[in-house]
Amino acid sequence: MELGPSHWPEISMVCNGTRQSPINISKSTTNNSLDDFVFHNYNATPLVTTVTYNGHTGQFQVTVPSDTLMIHGGGLNDIYNLAQFHFHWGSNDSYGSEHLDHGKAYPGEIHFVHWHSGKYSNLNESFKHDDGVAVLGVFIDVVQDANDPRISKDLAKLTDYFVNIKFPGNQTNCAPFTLASLLPKNLTYYRYLGSLTTPDCSEIVTWTVYQSPIYITSDQMAKFRHFHRMEHLDEDLDHTNRPVQPLYNREVYNSPTSFSSSSSSSSFFSSPSPLSAFVFFRAGIQGQCVKMMMALVFTSISFHSFFQCEINC
Ligand SMILES: [Zn+2]
(Lines give C-alpha, C1' and ligand atoms only; values in the text may rest on other atoms or scores of the structure.)
Protein backbone atom coordinates (compact mmCIF):
# COMPACT_ATOMS: atom_id res chain seq x y z
CA MET A 1 0.00 0.00 0.00
CA GLU A 2 1.31 3.45 -0.89
CA LEU A 3 1.23 6.06 1.85
CA GLY A 4 0.63 9.73 1.08
CA PRO A 5 2.70 12.58 2.53
CA SER A 6 0.43 12.99 5.56
CA HIS A 7 1.49 9.50 6.68
CA TRP A 8 5.22 10.05 6.20
CA PRO A 9 5.92 10.93 9.87
CA GLU A 10 4.82 7.35 10.64
CA ILE A 11 7.70 6.20 8.41
CA SER A 12 10.24 8.76 9.60
CA MET A 13 9.82 11.28 12.42
CA VAL A 14 12.19 13.59 10.56
CA CYS A 15 9.31 14.32 8.17
CA ASN A 16 7.78 16.32 11.06
CA GLY A 17 10.99 18.32 11.58
CA THR A 18 11.60 22.06 11.51
CA ARG A 19 13.79 22.11 8.37
CA GLN A 20 11.43 20.47 5.90
CA SER A 21 10.91 21.03 2.17
CA PRO A 22 9.28 22.17 0.01
CA ILE A 23 8.11 25.60 1.21
CA ASN A 24 6.09 28.51 -0.07
CA ILE A 25 8.65 31.26 -0.67
CA SER A 26 6.69 34.30 0.46
CA LYS A 27 9.53 36.68 1.23
CA SER A 28 13.29 36.74 0.79
CA THR A 29 16.28 38.91 1.56
CA THR A 30 18.91 39.77 -1.06
CA ASN A 31 22.27 38.24 -0.14
CA ASN A 32 25.21 39.55 -2.18
CA SER A 33 27.36 36.54 -1.28
CA LEU A 34 25.07 34.38 -3.43
CA ASP A 35 27.13 34.60 -6.59
CA ASP A 36 26.57 32.78 -9.89
CA PHE A 37 27.09 29.04 -10.06
CA VAL A 38 29.86 27.59 -12.18
CA PHE A 39 28.44 24.62 -14.07
CA HIS A 40 31.04 22.06 -15.14
CA ASN A 41 30.01 20.11 -18.24
CA TYR A 42 26.40 21.23 -18.07
CA ASN A 43 26.80 22.28 -21.70
CA ALA A 44 28.75 19.21 -22.77
CA THR A 45 27.42 16.75 -25.36
CA PRO A 46 27.06 13.94 -25.86
CA LEU A 47 26.05 12.44 -22.56
CA VAL A 48 25.04 8.85 -22.01
CA THR A 49 21.67 9.39 -20.44
CA THR A 50 19.29 6.81 -19.03
CA VAL A 51 15.73 7.54 -18.02
CA THR A 52 14.31 5.25 -15.35
CA TYR A 53 10.78 5.03 -14.01
CA ASN A 54 10.85 4.51 -10.26
CA GLY A 55 7.38 3.24 -9.44
CA HIS A 56 7.77 3.48 -5.71
CA THR A 57 8.32 7.21 -5.62
CA GLY A 58 6.39 8.02 -8.77
CA GLN A 59 9.36 9.86 -10.17
CA PHE A 60 11.61 9.53 -13.13
CA GLN A 61 15.26 9.62 -12.59
CA VAL A 62 17.72 10.50 -15.28
CA THR A 63 21.23 9.37 -14.52
CA VAL A 64 24.37 10.67 -16.10
CA PRO A 65 28.06 9.95 -15.49
CA SER A 66 28.16 11.64 -12.10
CA ASP A 67 31.88 12.26 -11.98
CA THR A 68 31.82 14.57 -14.98
CA LEU A 69 29.04 16.94 -13.96
CA MET A 70 29.48 19.28 -11.04
CA ILE A 71 28.76 22.72 -9.69
CA HIS A 72 30.48 25.18 -7.44
CA GLY A 73 30.01 28.83 -6.62
CA GLY A 74 26.45 29.87 -5.91
CA GLY A 75 27.38 30.61 -2.29
CA LEU A 76 28.18 26.93 -1.70
CA ASN A 77 31.95 27.38 -1.29
CA ASP A 78 32.74 23.87 -2.47
CA ILE A 79 32.31 21.27 -5.22
CA TYR A 80 29.09 19.27 -5.55
CA ASN A 81 28.72 16.41 -8.07
CA LEU A 82 25.47 15.67 -9.85
CA ALA A 83 23.91 12.36 -8.69
CA GLN A 84 20.66 12.43 -10.68
CA PHE A 85 17.81 14.66 -11.65
CA HIS A 86 14.10 13.99 -11.62
CA PHE A 87 10.74 15.64 -11.99
CA HIS A 88 7.68 16.51 -9.95
CA TRP A 89 4.27 17.27 -11.47
CA GLY A 90 0.56 17.46 -10.72
CA SER A 91 -2.57 15.88 -12.17
CA ASN A 92 -3.27 19.04 -14.19
CA ASP A 93 -1.46 22.24 -15.14
CA SER A 94 -2.74 24.22 -12.14
CA TYR A 95 -0.20 22.70 -9.75
CA GLY A 96 2.67 20.20 -9.62
CA SER A 97 5.78 22.12 -8.55
CA GLU A 98 6.91 21.35 -5.02
CA HIS A 99 7.98 24.89 -4.16
CA LEU A 100 5.58 27.78 -4.45
CA ASP A 101 6.80 31.27 -5.41
CA HIS A 102 4.71 33.74 -3.44
CA GLY A 103 1.83 31.27 -3.47
CA LYS A 104 2.16 30.52 -7.18
CA ALA A 105 2.39 26.84 -8.17
CA TYR A 106 3.87 25.79 -11.50
CA PRO A 107 2.83 22.65 -13.44
CA GLY A 108 6.18 20.99 -12.73
CA GLU A 109 9.60 21.23 -11.11
CA ILE A 110 12.96 19.65 -11.97
CA HIS A 111 15.38 18.73 -9.19
CA PHE A 112 19.08 18.43 -9.95
CA VAL A 113 20.46 16.52 -6.95
CA HIS A 114 24.16 17.05 -6.14
CA TRP A 115 26.23 15.47 -3.38
CA HIS A 116 29.03 17.24 -1.51
CA SER A 117 32.02 15.70 -3.31
CA GLY A 118 34.42 18.35 -2.04
CA LYS A 119 33.93 17.19 1.55
CA TYR A 120 32.66 13.61 1.56
CA SER A 121 34.04 10.49 -0.10
CA ASN A 122 30.87 9.23 -1.76
CA LEU A 123 27.17 9.84 -2.18
CA ASN A 124 26.06 7.58 0.68
CA GLU A 125 28.42 9.26 3.11
CA SER A 126 27.30 12.68 1.90
CA PHE A 127 23.66 11.86 2.61
CA LYS A 128 24.48 11.41 6.33
CA HIS A 129 25.40 15.08 6.83
CA ASP A 130 23.39 18.28 7.05
CA ASP A 131 25.57 19.93 4.40
CA GLY A 132 25.68 16.81 2.23
CA VAL A 133 23.32 17.69 -0.60
CA ALA A 134 22.67 20.67 -2.88
CA VAL A 135 19.55 20.56 -5.03
CA LEU A 136 18.82 22.99 -7.85
CA GLY A 137 15.08 23.39 -8.44
CA VAL A 138 13.76 24.62 -11.80
CA PHE A 139 10.07 25.36 -12.32
CA ILE A 140 8.36 24.09 -15.48
CA ASP A 141 5.63 26.29 -16.94
CA VAL A 142 3.39 25.68 -19.97
CA VAL A 143 2.74 27.77 -23.09
CA GLN A 144 -0.09 27.34 -25.58
CA ASP A 145 1.80 27.92 -28.83
CA ALA A 146 3.96 24.96 -29.94
CA ASN A 147 6.16 27.45 -31.81
CA ASP A 148 6.78 29.62 -28.78
CA PRO A 149 10.54 30.37 -28.83
CA ARG A 150 10.72 30.00 -25.06
CA ILE A 151 10.03 26.24 -25.26
CA SER A 152 12.87 24.03 -24.04
CA LYS A 153 13.27 21.73 -27.04
CA ASP A 154 15.41 19.28 -25.07
CA LEU A 155 12.89 18.90 -22.27
CA ALA A 156 10.14 18.45 -24.88
CA LYS A 157 12.24 15.76 -26.56
CA LEU A 158 12.87 14.06 -23.22
CA THR A 159 9.14 13.67 -22.59
CA ASP A 160 8.89 11.65 -25.82
CA TYR A 161 10.87 8.85 -24.15
CA PHE A 162 8.40 8.46 -21.31
CA VAL A 163 6.23 6.22 -23.47
CA ASN A 164 9.04 3.62 -23.42
CA ILE A 165 9.09 3.31 -19.64
CA LYS A 166 5.64 2.18 -18.61
CA PHE A 167 6.44 -0.04 -15.66
CA PRO A 168 8.46 0.43 -12.46
CA GLY A 169 12.09 -0.39 -13.08
CA ASN A 170 11.85 0.16 -16.83
CA GLN A 171 14.61 2.23 -18.31
CA THR A 172 15.53 3.55 -21.70
CA ASN A 173 18.41 5.43 -23.25
CA CYS A 174 17.65 8.78 -24.80
CA ALA A 175 19.38 11.00 -27.32
CA PRO A 176 22.17 13.18 -25.93
CA PHE A 177 21.21 16.60 -24.65
CA THR A 178 22.85 19.22 -22.49
CA LEU A 179 21.72 19.85 -18.96
CA ALA A 180 22.27 23.56 -19.56
CA SER A 181 19.25 23.43 -21.86
CA LEU A 182 17.09 22.55 -18.85
CA LEU A 183 18.10 25.69 -16.95
CA PRO A 184 16.16 28.96 -17.23
CA LYS A 185 17.54 31.95 -19.15
CA ASN A 186 17.63 34.07 -16.02
CA LEU A 187 19.54 32.34 -13.22
CA THR A 188 18.49 34.52 -10.28
CA TYR A 189 17.67 32.16 -7.44
CA TYR A 190 16.31 31.70 -3.92
CA ARG A 191 18.36 29.95 -1.23
CA TYR A 192 17.29 28.27 1.97
CA LEU A 193 18.15 25.21 4.09
CA GLY A 194 15.72 22.31 3.85
CA SER A 195 15.24 18.60 3.35
CA LEU A 196 14.65 15.80 0.89
CA THR A 197 10.98 15.92 -0.16
CA THR A 198 10.43 12.16 0.07
CA PRO A 199 10.94 9.85 3.10
CA ASP A 200 13.05 9.80 5.11
CA CYS A 201 12.89 13.58 4.62
CA SER A 202 16.54 13.97 5.75
CA GLU A 203 17.34 17.59 6.62
CA ILE A 204 20.50 17.69 4.54
CA VAL A 205 19.66 19.90 1.56
CA THR A 206 20.95 23.34 0.66
CA TRP A 207 18.16 24.41 -1.69
CA THR A 208 18.50 26.62 -4.73
CA VAL A 209 15.20 27.47 -6.42
CA TYR A 210 15.41 29.45 -9.65
CA GLN A 211 12.92 32.28 -9.93
CA SER A 212 12.36 31.91 -13.69
CA PRO A 213 10.77 28.77 -15.20
CA ILE A 214 11.54 26.84 -18.35
CA TYR A 215 8.70 26.13 -20.77
CA ILE A 216 7.01 23.29 -22.64
CA THR A 217 3.51 22.95 -24.09
CA SER A 218 0.56 21.64 -22.13
CA ASP A 219 0.53 18.51 -24.34
CA GLN A 220 4.16 17.83 -23.48
CA MET A 221 3.44 18.40 -19.78
CA ALA A 222 0.64 15.84 -20.01
CA LYS A 223 3.18 13.15 -20.91
CA PHE A 224 4.42 13.27 -17.32
CA ARG A 225 1.01 12.02 -16.16
CA HIS A 226 0.23 9.47 -18.81
CA PHE A 227 1.88 6.40 -17.35
CA HIS A 228 0.55 7.02 -13.90
CA ARG A 229 -2.80 5.95 -15.24
CA MET A 230 -1.25 3.11 -17.19
CA GLU A 231 0.36 1.87 -14.01
CA HIS A 232 -2.92 1.92 -12.04
CA LEU A 233 -1.11 3.63 -9.21
CA ASP A 234 -2.90 4.64 -6.04
CA GLU A 235 -4.56 8.08 -6.17
CA ASP A 236 -1.93 9.46 -3.80
CA LEU A 237 0.62 9.05 -6.56
CA ASP A 238 -1.46 10.74 -9.23
CA HIS A 239 0.72 13.72 -8.43
CA THR A 240 4.31 13.66 -7.25
CA ASN A 241 4.62 16.89 -5.33
CA ARG A 242 4.83 17.00 -1.54
CA PRO A 243 2.69 19.79 -0.02
CA VAL A 244 4.58 22.84 1.31
CA GLN A 245 5.91 22.59 4.86
CA PRO A 246 6.13 25.20 7.65
CA LEU A 247 9.06 27.60 7.37
CA TYR A 248 9.52 27.91 11.16
CA ASN A 249 12.41 30.28 11.89
CA ARG A 250 14.32 29.78 8.64
CA GLU A 251 15.45 32.65 6.42
CA VAL A 252 15.04 32.62 2.66
CA TYR A 253 17.57 34.59 0.64
CA ASN A 254 17.71 35.60 -3.00
CA SER A 255 20.75 36.15 -5.19
CA PRO A 256 21.35 39.49 -6.88
CA THR A 257 20.09 39.58 -10.49
CA SER A 258 22.01 36.95 -12.42
CA PHE A 259 23.57 36.47 -15.82
CA SER A 260 21.97 34.53 -18.65
CA SER A 261 22.41 30.76 -18.96
CA SER A 262 23.27 31.03 -22.66
CA SER A 263 26.16 28.86 -23.79
CA SER A 264 28.36 31.92 -24.19
CA SER A 265 28.19 32.53 -20.46
CA SER A 266 31.49 32.25 -18.65
CA SER A 267 29.68 30.21 -15.98
CA PHE A 268 29.81 27.07 -18.11
CA PHE A 269 32.75 24.75 -18.65
CA SER A 270 32.82 21.62 -20.77
CA SER A 271 36.26 20.07 -20.69
CA PRO A 272 35.61 16.44 -19.77
CA SER A 273 39.10 15.05 -19.42
CA PRO A 274 40.72 17.60 -17.09
CA LEU A 275 37.56 17.76 -15.05
CA SER A 276 37.58 14.02 -14.54
CA ALA A 277 41.08 14.38 -13.23
CA PHE A 278 39.91 17.24 -11.05
CA VAL A 279 37.31 14.99 -9.44
CA PHE A 280 39.90 12.29 -8.91
CA PHE A 281 41.96 14.76 -6.97
CA ARG A 282 39.05 16.06 -4.94
CA ALA A 283 38.06 12.53 -3.98
CA GLY A 284 40.85 12.61 -1.45
CA ILE A 285 43.76 10.98 -3.23
CA GLN A 286 46.89 12.19 -1.44
CA GLY A 287 50.17 13.13 -3.09
CA GLN A 288 48.66 13.78 -6.49
CA CYS A 289 48.73 17.53 -6.36
CA VAL A 290 51.69 18.31 -8.58
CA LYS A 291 50.72 15.69 -11.09
CA MET A 292 47.20 17.06 -11.14
CA MET A 293 48.28 20.62 -11.70
CA MET A 294 50.51 19.61 -14.62
CA ALA A 295 47.64 17.71 -16.15
CA LEU A 296 45.51 20.79 -15.86
CA VAL A 297 48.13 22.97 -17.54
CA PHE A 298 48.53 20.62 -20.48
CA THR A 299 44.84 20.31 -21.08
CA SER A 300 44.26 24.05 -21.07
CA ILE A 301 41.78 23.99 -18.25
CA SER A 302 40.23 27.31 -17.42
CA PHE A 303 42.14 29.53 -15.05
CA HIS A 304 39.23 29.39 -12.66
CA SER A 305 39.38 25.64 -12.17
CA PHE A 306 43.16 25.76 -11.95
CA PHE A 307 42.82 28.25 -9.15
CA GLN A 308 40.38 26.01 -7.31
CA CYS A 309 42.89 23.17 -7.44
CA GLU A 310 45.60 25.43 -6.15
CA ILE A 311 43.55 26.38 -3.11
CA ASN A 312 42.79 22.80 -2.23
CA CYS A 313 46.27 21.46 -2.79
ZN1 LIG B 1 12.52 16.02 -6.03
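Okay, let's start at Gln-84, which sits in strand E7, residues 80-89; strands (E, at least two residues) and helices (H or I, at least four) are DSSP runs, numbered from the N terminus. Quick note on numbering: residues count from 1 along each chain as its sequence is written. Also, this is a predicted model, so local features need pLDDT of at least 70, side-chain atom pairs count only at pLDDT 80 or more, and totals for chains, interfaces and linings use all residues.

Is Gln-84 buried or exposed? Buried, because it has 20 C-beta neighbours inside 10 Å. The rule: 20 or more other C-beta atoms within 10 Å is buried, 12 or fewer is exposed, in between is partly exposed, with C-beta atoms placed from the backbone. Gln-84 and His-111 are 27 residues apart in sequence, with their C-alphas 8.4 Å apart.

His-111 comes up again with Val-135: beyond neighbours within four places in sequence, Val-135 is in contact with residues including His-111, Phe-112 and Trp-207. Contact means C-beta atoms, placed from the backbone, within 7 Å.

Now the largest nonpolar core: 58 residues, with Val-135 and Val-138 having the most contacts inside it. Strand E10, residues 133-143, gives the most to this core, 8 residues. Such a core is a set of buried Ala, Val, Leu, Ile, Met, Phe, Trp, Tyr and Cys joined through C-beta atoms within 7 Å.

Last, confidence: pLDDT, the predictor's confidence in each residue from 0 to 100, averages 78 for the protein. Over residues 271-313 it's below 50.

Definitions and conventions. Contact = placed C-beta atoms within 7 Å.
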